[in-house]
Amino acid sequence: MNDQDYLPRVSGFSKSLVIMALGLGAVLMLIVAGQTSTPAMQVHALIMIVAFLIGIMFTANMGFDSDGKIDAEKSAAGIYYNDKIVKVGVIASVFWGVVGFLVGDVIAWQLSFPDLNFDLPWTNFGRLRPLHTSAVIFAFGGTVLLTTSFYAVQRTCKARLFGEIAPWFVFWGYQLFIVLAASGYVLGITQSKEYAEPEWYVDLWLTIVWVVYLIVFLGTLWRRKEPHIYVANWFFLAFIVTVAMLHVIHNISIPVALVESRSYSIFAGVQGALIQWWYAHNAVGFFLTAGFLAIMYYFMPKRAERPVYSYRLSIVHFWSLIFLYIWAGPHHLHYTALPDWAQNLGMTFSIMLWMPSWGGMINGLMTLSGAWDKLRTDPVLRMMVWSLAFYGMSTFEGPLMSIKAVNGLSHYTDWTIGHVHSGALGWVGYISFAALYCLVPWLWKKKSLYSLKLVNWHLWISTAGIVLYIFSMWVAGVVKGLMWRAYDSLGFLEYSFVESVVVMHWPYIIRAVGGLLYLAGALIMAYNLWKTVHGETEQEPQALADKAVA
């Protein structure tokens, strides 16, 4: 009999080993809570103790029968896919998205009206800003990547996820990382590195989780029934491996003590700056680009019911993007102490990135060849197309801003903020929303979404928000840059720094309104998906009229 006809199993030894490891972790955290002199680290130790105890109970009560068989549902292909973890991931993704967008809009209003900081340390912009960036990038974006990669790798390999406890450890371990990072920012625990604020012990926990994630993904590829590795899996794998390398090297530090939260990076000065922006730019490149390109390469052909336009182009796109992106980080350090040759190297590779980036955009758009008519009736597919449009725009603007002459005007201004959010809200946000709109009916076995009209409302309201956001920031950035370089007839600065701040008031208000619209779109999506899960379908006006007559 084929091994796919058997229910997946887990050994009692595996469960015992996991329970022992979690128990040991709880004991260690109890010691830390008693020895540390930092109240915030005591809070983190207690959070980890609670998480480990919950993990022990969860592991002990996973859906196994007396023979170790797992309560699983066979798919139409005759395979027991692990879809329960994907369902939980969808719910967590929506939750973190709403939270991240909400905090982002709060801090946008704080920049317009500073009194909204409330003179409290926990609600100060300086603490809420990293909370927002981590919530949208790592909590929302990271959970979407975990969820979609677990779904896509199973379908493209025709094999169940490797391990039974390990995928759950990856998912819940990553959620624990998010909680530790977020609570740390509010409590004032930070190593003050852009996109990498969590302190050393949180970084160490994420490293453990990420290694298990890599093992689960590689193990699933190893046990695949399909001889060919689909291109989406190449992008997922590049995202996992490169982010691991970036995370480990960038966060090498020496803690003050094993029971204290503070640590010191081994990199300092210009070397520290170079490592910081090598990490930060490639976090964008491999976390927010390669990973979400993997989502595009799986979900767009699936939704359009068309094959990828050019498999050869997808391979060229993959290898050129992977090779070029890793060198582009120094363009963040123009006109600094970084050697000029390194600045020029970063600029050159950034400009070269135009080609592979647009190659991926063209490949995605041309996948719709012969299916463009579906855009009239499928707003989810339309959302995917718009995400690619924003991807093309932001990957044109980024290399443009890396040119020294342009960077001299744009850097340290709100133009950079507008650029980042055009990619984040338009590209990452829309491809994530589209994937969630696809997954919910597939996973919960529904014929369709509750309402395609609400998807359309989500698309248009959030697009209006993005337009308000990026145009206000473009205008604010150019105005600010021009004010900073304006001189009077005597050679003195024509405007003080405070004057440039005052001019930003109305653009900041417009930006906050745009963020509010984007948040409203996310809430519409959450409502739509909740109604879909509960099996409801919105009736068309004509159907309602017919029912009333009857």
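Which residue caps the N-terminal end of α4? The capping residue is N124, one of whose side-chain oxygens lies 2.7 Å from the backbone nitrogen of G126. This is a predicted model, in which local features need pLDDT of at least 70 and side-chain atom pairs count only at pLDDT 80 or more, while totals for chains, interfaces and linings use all residues. Residues are numbered from 1 along each chain as its sequence is written, and side-chain values use heavy atoms, with hydrogens and water left out.

**Helix α4**

- Helix α4 covers residues 125–157, and its 33 residues reach 45 Å from the first C-alpha to the last, close to the 48 Å expected at 1.5 Å a residue (the expected span being 1.5 Å times one less than the number of residues).
- At A135, α4 bends by about 35°, an angle taken between axes fitted to the seven residues ending there and the seven starting there.
- Because 28 of its 33 residues are buried, α4 is largely enclosed by the rest of the structure (buried means under 20% relative accessible area, exposed over 50%, and partly exposed in between, with a 1.4 Å probe and protein chains only).
- After α4 comes K158, which has a positive phi near 50°.

**Helices α15 and α17**

- The axes of α15 (residues 452–484) and α17 (residues 505–533) come within 8 Å and cross at roughly 160°.
- That crossing makes α15 roughly antiparallel to α17, a term used for angles over 145 degrees.

**Residue V106**

- V106 belongs to helix α3 (residues 84–112), and at 35% relative accessibility V106 counts as partly exposed.
- Between V106 and V88 there are 27 Å in space, C-alpha to C-alpha, although they are 18 residues apart in sequence.

Notes
Helices (H or I, at least four residues) and strands (E, at least two) are DSSP runs, numbered from the N terminus. A polar contact is a pair of N or O atoms within 3.5 Å; within protein, one must be able to donate a hydrogen and the other to accept it, and residues adjacent in sequence count only if both atoms are side-chain atoms. Axes are lines fitted to C-alpha atoms, for helices over the stretch in contact, and angles run from 0 to 180 degrees between N-to-C directions. Angles under 35 degrees count as roughly parallel, over 145 as roughly antiparallel, 65 to 115 as roughly perpendicular and the rest as oblique.
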